[in-house]
Structure formats: structure tokens, C-alpha cells
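User: Hi! I'm new to this one and would like a short tour. Could you bring it up for us?

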Amino acid sequence: MSDIKVPDLGESISEATITKWLKKEGEAVSQGDLLLELETDKVNLEISAESSGVLSSIVKAEGDTVLVGETIGVIGEGGAAAAPAAEAPAQAAAPTAAPSAAPAAPAAAAAAADAIASPSARKLARELGIDLNQVKSADPVGRIYNQDVASHGTAPAAAAPAAPAAAAPAKPAFTEQPGKPVERTKMSRRRQTIAKRLVEAQQTAAMLTTFNEVDMTAILDVRKRRKDAFKEKNEIGLGFMSFFTKAVVGALKKFPLLNAEIDGDDLIVKKFYDIGIAVAAPDGLVVPVVRDADRLGFAGIEKTIAELAGKARKNSLAMSDLQGGTFTITNGGVFGSLLSTPILNAPQVGILGMHKIQIRPVAINDTEMANRPMMYIALSYDHRIVDGSEAVRFLVTVKELLEDPESLLLEG
């Protein structure tokens with residue numbers, strides 16, 4: 001027999017939510033079979049069987065929050081499979097047989113209610129607002145089934161434990177109005193985490209944003225002239241992100257405090273350039289990281305971003321894809337945003353926002369005007385360690401490098 005435990009989930013993640021069991025109680029499993037899916041703050045994980053046997057017990061149900069190292073199920077040896085499935089009907093068929101085992105059952109149930117309630121019993125208990133620790137089991141080994149929860153809910157003594165649930169409207173209550181239909185759904189763990197961290201970033205950092213604009217004429221010209229040969233040689237398109245990544249790396253080398261973070265009373269300036277690229281995934285925004293971007297060429301950056309974005313859309317990013325970025329780039333322009341103030345991706349102290357390219361009239365000199373493809377760019381930064389003048393000069397450097405694309409090969 002072996003316990004199925006929640007594995008180490010990675011940096012700073014201590015809990016997850018069970019989204020789906022892929023095997024049922026009593027079902028045979030082989031080593032390596034997928035058992036269940038977990039949702040963490042950042043990625044979804046699939047948990048595989050470490051041994052062969054039978055899934056004899058599902059301890060935690062779909063929707064339950066579980067901690068690292070916690071037992072969520074049990075794999076028993078081959079022949080023991082049928083026992084759990086057979087126990088529930090036996091209880092329903094012979095309620096009068098319980099008194100002989102009753103003296104021992106309450107103690108066993110109280111001690112084991114957290115560990116050996118069936119998933120359907122847990123679900124029913126949540127719906128009825130019943131504490132499983134208060135439910136008495138008719139099962140000799142203390143396992144709790146639906147009928148135990150239902151009986152507890154209808155028993156006179158159950159009225160007292162149910163009272164705390166009635167006091168729950170401590171949450172902000174939305175008042176529904178007749179004829180005004182609404183749909184209420186629980187936020188996913190990832191969306192809750194995104195909300196929490198964005199608020200924390202605004203509350204803990206002295207965040208300011210500075211703006212500039214880039215004339216994209218030169219980059220568009222390079223892409224027009226080089227895109228076919230580039231794709232033929234590298235089997236990847238020449239996009240904008242490689243230009244911006246290179247420009248950011250060049251500016252970070254010149255202004256290293258934008259590549260730092262605060263650790264207590266210490267300032268950690270990073271001498272490497274792992275650039276996070278914000279990607280809109282189905283379950284919310286994620287920021288996979290392009291490692292050592294300063295050592296990659298344009299093709300290497302484009303291929304890495306394409307690979308990470310593909311994994312994000314398929315919900316298959318690994319924890320290692322998301323950890324340890326030093327600076328972030330986000331591109332609201334792909335959705336049509338003309339201007340925005342990006343929020344810091346803590347503990348980073350800088351984030352660059354790209355926006356929509358729009359043709360605008362620009363003064364070329366004192367007498368000449370021309371229509372040019374222009375993009376507003378925004379730098380949000382943590383004023384605790386980055387001064388305004390440094391932030392402005394950083395953004396000006398990014399602008400200058402982008403308007404002279406050949407310089408990226410030298411500076412980036």
C-alpha cells in the first residue's frame with residue numbers, strides 16, 4: 001500500500017486545488033498512470049501513480065484545497081480493490097447491524113473524518129454546511145459515506161453544528177433583483193492569485209510610470225526586407241518581441257537597478273537577463289521567462305517565445321518556465337491598447353508596456369511633417385530603488401535602440 005501525496009509544487013507555492021480525478025476508487029492503476037490534475041497559483045500539474053495496484057481510497061475530492069506533502073489518496077495492493085466499493089451498499093442494506101460496532105465507531109470517525117470520507121460524502125457535506133468531524137460513521141473502520149452525512153443532516157442534534165454555516169454572510173453580499181439575471185461562479189485559483197498579487201504589488205511598491213513613444217519606421221523596414229530570408233533560414237517569423245527584448249537587455253546593462261530586487265534591507269542587482277514575457281493564457285495572465293536573453297540571437301528569442309506561448313495556451317507550462325524572471329515585457333498592443341500603465345511583476349522593479357502601432361503625423365524638423373508608425377511605450381518602476389531620472393533615461397535608451405535596429409546587435 002502506498003499513499004498518494006501532493007508533491008513539492010515549486011518556489012513559494014504551498015497549496016493547490018484538485019481539479020479532476022482521472023481514476024475512480026476501486027480502479028486498477030499501473031505505475032506511471034495519470035491519477036489526477038492539480039491547479040496551483042501558476043500552472044496545472046498532473047500526478048502519476050508511483051506504484052501499481054488499486055486506487056483503494058480517494059481522500060481528497062475534486063475542488064478540495066490540499067497542502068504540499070498531504071495524503072490525497074491511497075493505492076492498495078491488487079486484490080483489495082473491491083472492498084471500498086462494496087462497503088457503502090452493505091451499510092445501507094443493514095443499518096440494524098451497526099449497534100454492535102457502535103461503541104468503537106464514533107471514536108474512529110472523529111479521528112479519521114478528515115482522511116477517509118468518500119469524495120461524494122465530502123461534496124454533500126460542503127453543500128449542507130456540515131463539519132465532517134461531527135459526522136458519525138456506521139462503518140467499522142470509520143469511513144464516512146453519503147448516507148452518514150445525510151443522516152447527520154436530518155438528525156435533531158445536527159442543528160447545532162449547522163448554525164455556524166448560517167452565520168456565513170460575512171462575505172460581501174450581492175443583492176439579486178427580480179428580473180435581473182446573474183451568473184455566480186467561483187474564481188479559479190490562478191485568477192484569485194493574480195488578483196491578490198496585483199493588489200500586493202500596488203500596496204508594497206512605490207510604483208510610478210513614465211512614458212515615451214517610438215517611431216517604428218526602421219523596424220518595420222528591417223522586417224519587410226528581411227522577413228522572408230529570416231523565416232527561410234530560421235523556420236520562425238521575425239516578430240517585434242525579439243527587437244524589444246534586445247532593446248530592454250541593452251538598456252538594463254546601462255541601468256542595472258532596473259534589473260534588481262529588494263530583499264529586506266538588501267538590494268540584489270542581477271548580472272543575468274531572464275526576461276519575462278506576459279502571455280494571455282485561457283485561465284489568466286502568465287509570465288514565462290526567456291532565459292539568458294542577452295546570449296540569444298533574434299531567432300533564438302523568437303523561437304523561445306513561440307514555444308512558451310504555445311505551452312501557455314495549452315496549459316502545459318512547467319513551474320521552471322515561470323520562475324526567476326528579472327524584468328518583464330507586456331504587449332497590450334496585440335489587443336488594441338493605445339496606452340496603459342502596467343503593474344509590476346513583484347519582486348521585479350521594472351516592467352515595459354508595449355502598445356498598438358498607429359500612424360500619426362510627426363514633426364520631422366521645423367518645417368516638415370510626415371505620417372509615421374508610432375508606438376507609445378510605458379515603463380512602470382519601483383521608486384524605492386529607481387530614481388525618476390534613471391527610469392526616464394532607461395526608457396529613452398530603449399527608444400533609441402529600437403529606432404536604430406542595427407545598434408541592437410551591438411548593445412543587446
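User: Thanks! Where does N315 lie?
Analyst: N315 is in the loop between helix 9 and helix 10 (319-322). Helices (H or I, at least four residues) and strands (E, at least two) are DSSP runs, numbered from the N terminus.

User: What should I know about the model before we go on?
Analyst: This is a predicted model, where local features need pLDDT of at least 70, side-chain atom pairs count only at pLDDT 80 or more, and totals for chains, interfaces and linings use all residues. Residues are numbered from 1 along each chain as its sequence is written, and side-chain values use heavy atoms, with hydrogens and water left out.

User: Okay, back to N315. What is its phi?
Analyst: N315 has a positive phi of about 60 degrees, although it is not a glycine. Most residues other than glycine have a negative phi, and most peptide bonds are trans.

User: Which other residue has a positive phi, and where is it found?
Analyst: D292, also not a glycine, has a phi near 45 degrees. D292 is found in the loop between strand 15 (289-290) and helix 9 (298-313).

User: Why does D292 count as partly exposed?
Analyst: Because its relative accessibility is 29%. Buried means under 20% relative accessible area, exposed over 50%, and partly exposed in between (1.4 Å probe, protein chains only). N315 is partly exposed too, with a relative accessible area of 26%.

User: Which peptide bond is cis?
Analyst: The one from A346 to P347, with omega near 5 degrees. P347 belongs to the loop between strand 16 (327-331) and strand 17 (350-354).

User: Switching to strands: how do strand 2 and strand 4 pair?
Analyst: Strand 2 (residues 15-21) and strand 4 (residues 34-39) are antiparallel, with four bridges. Two strands pair if DSSP finds at least two bridges between them. T17 has E39 in strand 4 as its bridge partner.

User: And how many bridges join strand 4 and strand 5?
Analyst: Five, again in the antiparallel sense, with strand 5 covering residues 44-48. L36 stands opposite I47 in strand 5. Strand 4 and strand 5 form a hairpin with four residues between them.

User: Last one: is S57 buried or exposed?
Analyst: S57 is buried, because its relative accessible area is 8%. S57 sits in strand 6 (residues 53-58).

User: What does S57 touch?
Analyst: E25, G73, V74 and R143, leaving out residues up to four places away in sequence. Contact means heavy atoms within 4.5 Å.
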